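User: I am new to this structure and would like to understand how its parts are held together. Please take me through it by question and answer.

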Amino acid sequence: MATTTENLSSPSIENNSDEEDEGGRAAFAAQKKHKMSPPSVGTVDRPSSIRRSSLLLSPEWDMERKSLRHLGDLDDDDQIRIAYFPNIPTIQDVATNEGDDDKPAVDVSAPRRSLFKTKTHATVSSDEEWSTASVTSDSLSDFDDNDDHTVTGIWQNVPEAPPDAILGIAAAYKACEHPQKVNICVGAYRDDNGNPYVLPTVRKAEYRLLEQNEVKEYLPIEGDRDFVYCAMKFAYGREMDIENHVAAVQSLSGTGACMLGGQFLAQFWGSDHPIYVPNPTWGNHIKIFKQCGLKVRKYRYYDRSKNALDFEGMLKDIKRAKDGSIILLHACAHNPTGCDPTMEQWKEIVSLISSKSHIAFFDSAYQGFATGNSEKDAQAFRYAVSQHVPILLAQSFAKNFGLYGERVGTLSIVCGDVVQKEHIMSELRSIIRPLYSSPPRHGSSIVKTILMDPALKEEYYQECAKMAIRIKKMRKKLEEALQVAGSIHDWSHITKQIGMFAYTGMDEAMCKQLTEEFSIFLTTNGRISMAGLNNTNLTYVANAIQTVTAGKTITA
Amino acid sequence: MKSHQSALTIILLSCVLTTTAFSATASSTEASTNIWRDVPPGPPDAILGIAQAFRECTAENKVNVCVGAYRDEKGQPWVLPSVRSAEEIMLSSENKEYLPIEGDSAFVNKALRFAYGANAPLDRIAGVQTLSGTGACRIGGEFLSQFYSSKNILVPDPTWGNHHKIFKECGLTVGTYRYYDRSTNRLDLQGMLEDLRNAPDGSTILLHACAHNPTGCDPTDEQWDQLLDVIRQKQHLIFFDSAYQGFASGDAEADAKALRRVMDAGYPMLLAQSFAKNFGLYGERCGTLSVVCHDAAQKDILMSQLKCIVRPMYSSPPKHGSSIVRTVLSDEKLTQQYYQECASMADRIQTMRQRLVQALQDAGSSHDWSHISEQIGMFAFTGMSAEMCDTLTDQYNIFLTRDGRISIAGLNDDNLGYVAKAIHSVTDGKSITSN
């Protein structure tokens, strides 16, 4: 474990040149790099297709994938590891002209080399191309099984993506019959009885939508404007001039927002600017940004030898990044470590980002849910805005409004004036339209209904605070219970950490033991979901943790 | 209890006190953010531009026949009563937990049976829940781009405009095949067959399952015979887009005939399925993408790859729409009720079609408008030129797309006569076919 973290935090990652990598990185070589054109009127040559080839494996990617394993590149209910095809030639060999902006993505004049073993009756040579090839048509009736172009053969060479680890854990939990089994893997809030929780104000909003016979018409591409406006006020505060300085669209929760932001940056900031994510981070971050065509690098973040923030390492890596890089920051309640910078540290981080002309891309998934105070949880990115740092903000209402499966969020970009805003909005619409046309309306209608009604809004703040309070209480109780159980370790990081998760410091072996001996299900990186703890299972879990950690170290 | 309340009070108080700790004002944002100064404006969306113009128009007699959503006799959006009933049930039966990446499997099964038939071999159909039809086309296109040997996809000319954008973004090369003959206002079968023959073997062919958008012109059974012949000979891959099942003819089984025929005959195929129109769930974004496989093992493999495409896009799909469809189709009474409601929408549109043709004749038009009565689905492809459409809009405040497509759903007792007279005025003495 120590080796892999070392690799990740070593300067070699920073200096790693993507161009040296043949396999995986070549996947992005075919993507058209958009250069910012001069501010002339009319349409601009836009990169047409970004090759979705992040599935190709290179030795470097393999190392990264293995190193991600212990960091838990997994979140919430289920995640899928990066697929890999070790033996299949790159799609680029066949299909695309790398970096050639004028030619079409597929060169139809070249002989088509099929990736897969299909026995076609006719082969198209470069001479014949579009003319009728010599076709043997056997009969006019059904296909036979020898014909690989049938259902039988056509997909026979599609490789299987590696199985998903967290799904495995969730499935194992389900299958487990132990009467005291505990699920602290889940990334969704649970009440004190261990049940999913729908906020009462959310239900009230839904009743109201039914009573008012709310229609189901398409939203505009950019989403529900009233919802977006409320969401922006919620995020940036009352004084923010949304109309003139914030380009914002409704998104498919936090994932969708990160994806839209990544696409926008790849197209309009340039994919030669890498994005730096904290080490560790939510696993899907890396997949999302790679899929957008960005180079993904890491900055040091968590110090496992102290179970605390590696502030010096973080500043060093942000400084070493070339000017104009994109720095991904968790707005609060860092996932998975729960370890946030202090306000003083944030000031230094923002100042450094400003001096390097970086872009700060904030991911805000826990506003209000982290400390119980939604204004406080927004301080980091509000400060960045006040300091003139260009920011993107991915905002999710999955946790703080308990709207997980409704997929509600926003992506916003702070900009200089209303003309820039309009341009950015139109470009974001162009990205959204061929993805899903327009966002789903139920979740945004709920949030809008609540935030626009003063009484419901007040009730909502209390409900959200209650969730945060219960989790805080569980943190304290867990620490106490561990001491009562006889543990002499320093568990103070559990109460210092913020948000849904506790990054305990337990290693993979301990986690496995917890599961196998005690039927306590968690991710192998030692991350536990505080929401999964309650008064019923707390002592049991504390005793189990004490057992597996006694006499061993919880720091690396 | 007491400490709870005081903790809450303290938190609420501190909310108020720390509100303005760091707030961004106009001046602070000016300097920072000129990095976006050179972002160019994206191309405007044609259809949305028209919808916008309709909203801004203040004329009392304005008519919106551009919209692609159903309207009742009063010109109002209509939420199906069975959908409302499902939502009421869901208030107490559903929570808001994340769906799996592939979506609600009970919903997907219902959806696939709805499309492929009650006896569909679900064990070998890889299906995922998607963001309506757009999302399904996108996931399907991404899948083809990564795993299919041909990067060519051919779409009909004309087709829904977004098809071109979606597949281009997937990295596919988008070509067209002739489809509609504007000189006869009918299907251009020979042109279609020729273009399919000329395409490279194994190309992907996008077909509208029924109620072709925008022409409303579908192949007959005999024409399907010929099409499938060529497709088999050329070993093309069929990608069906099914957005109007049940909504086209009023009979969900009939509307699925073409795609079921293809599936039963053993052709490889993909299916993009939308519940936007037939369930009226437009903004809930409810649909599926499915790939017919050889066996269960292959299905599992494809599912694993489809999930890999979904995960970095949006993690998992939105659950409200799929819960509605699942709730309706799981309840016998609600299902029956739903079929009737869907048929009633199709009936009203059918009636309006016939009445429009009658009204055009009554207005004195001598053109052959039979194509309008023969076309299927929500739209009528009138044959009017762009100039005629502009005149309709500028002079008569009738808003439609410039390809001459009008949404029959936008017609009702109040505006029918007016629209017919206006169309007659702009087409009188001119041609509605082009050569």
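User: Which residues touch the most other members of the largest nonpolar core?

Analyst: The model is a predicted one. Its largest nonpolar core has 105 residues. The largest share of this core, 10 residues, is supplied by α18(A). The members that touch the most others are A:Tyr236, A:Leu329, A:Phe362 and A:Ile391.

User: Which residues does A:Leu329 contact, leaving aside its neighbours within four places in sequence?

Analyst: A:Leu329 is one of the core residues that touch the most other members. With neighbours within four places in sequence set aside, its contacts are A:Tyr299, A:Met314, A:Trp346, A:Ile349, A:Ile353, A:Ala360, A:Phe361, A:Phe362 and A:Asp363.

User: How many residues does the other core hold?

Analyst: Another core lies apart from the largest one. Among its residues are B:Leu154, B:Leu228, B:Met345 and B:Ile398. The number of residues in this core is 101.

User: Is A:Phe362 buried or exposed?

Analyst: A residue counts as buried when its relative accessible area is under 20%. For A:Phe362 the relative accessible area is 0%. A:Phe362 is therefore buried.

User: How many aromatic pairs are there over all chains?

Analyst: Rings count as a pair if their centres lie within 6.5 Å. By this rule the count over all chains is 42.

User: What kind of pair do the rings of A:Phe362 and A:Phe381 form?

Analyst: A:Phe362 lies in strand β8 and A:Phe381 in helix α15 of chain A, so the pair ties together parts 19 residues apart in sequence. A:Phe381 is buried, with a relative accessible area of 0%. The ring centres are 6.0 Å apart and the planes stand at 55 degrees, so the pair is tilted.

User: Which residue has its charged end over the ring of B:Phe54?

Analyst: In chain A, A:Arg527 lies over the face of A:Phe501, 3.8 Å from the ring centre. For B:Phe54, the charged end lies 4.4 Å from the ring centre and belongs to B:Lys62.

User: How many residues apart in sequence are the parts joined by A:Arg208 and A:Asp453?

Analyst: The structure holds 37 salt bridges over all chains. In one of them, the side chains of A:Arg208 and A:Asp453 meet at 2.8 Å, N to O. A:Arg208 lies in helix α8 and A:Asp453 in the loop between α17 and α18 of chain A, so the parts tied together have a sequence separation of 245 residues.

User: Which residue of chain B meets A:Lys216 in a salt bridge?

Analyst: A:Lys216 lies in the loop between α8 and α9 of chain A, and its partner is in the loop between β9 and β10 of chain B. With a distance of 2.8 Å, N to O, the residue is B:Glu284.

User: Which residue of chain B is part of the salt-bridge network with A:Arg203?

Analyst: The network also includes A:Glu206 and A:Glu406. The member from chain B is B:Lys96.

User: What is the mean pLDDT of chain B?

Analyst: Over residues 17–21 of chain B the pLDDT is below 50, and over residues 26–31 it stays under 50. Where pLDDT is low, the predicted coordinates should not be read in detail. In chain B, 92% of residues reach 70 or more, and the mean pLDDT is 92.

User: What ipTM does the predictor give the complex?

Analyst: The predictor gives the complex a pTM of 0.84. Its ipTM is 0.92.

How values were computed. Residues numbered from 1 in each chain as written. Chains lettered and ligands numbered in written order. Predicted model: local features only at pLDDT ≥ 70, side-chain atom pairs only at ≥ 80, totals over all residues. Heavy atoms only, no water. Phe/Tyr/Trp six-rings, centres within 6.5 Å; stacked < 30°, edge-to-face > 60°. Helix = DSSP H or I, 4+ residues; strand = E, 2+ residues; numbered from the N terminus. Buried < 20%, exposed > 50% of the residue type's maximum accessible area, 1.4 Å probe, protein only. Lys NZ or Arg CZ within 6 Å of the ring centre and 35° of its normal. Salt bridge = Lys/Arg side-chain N within 4 Å of Asp/Glu carboxyl O. Core = buried A, V, L, I, M, F, W, Y, C linked by side-chain atoms within 4.5 Å. Contact = heavy atoms within 4.5 Å. pLDDT = per-residue confidence, 0-100.
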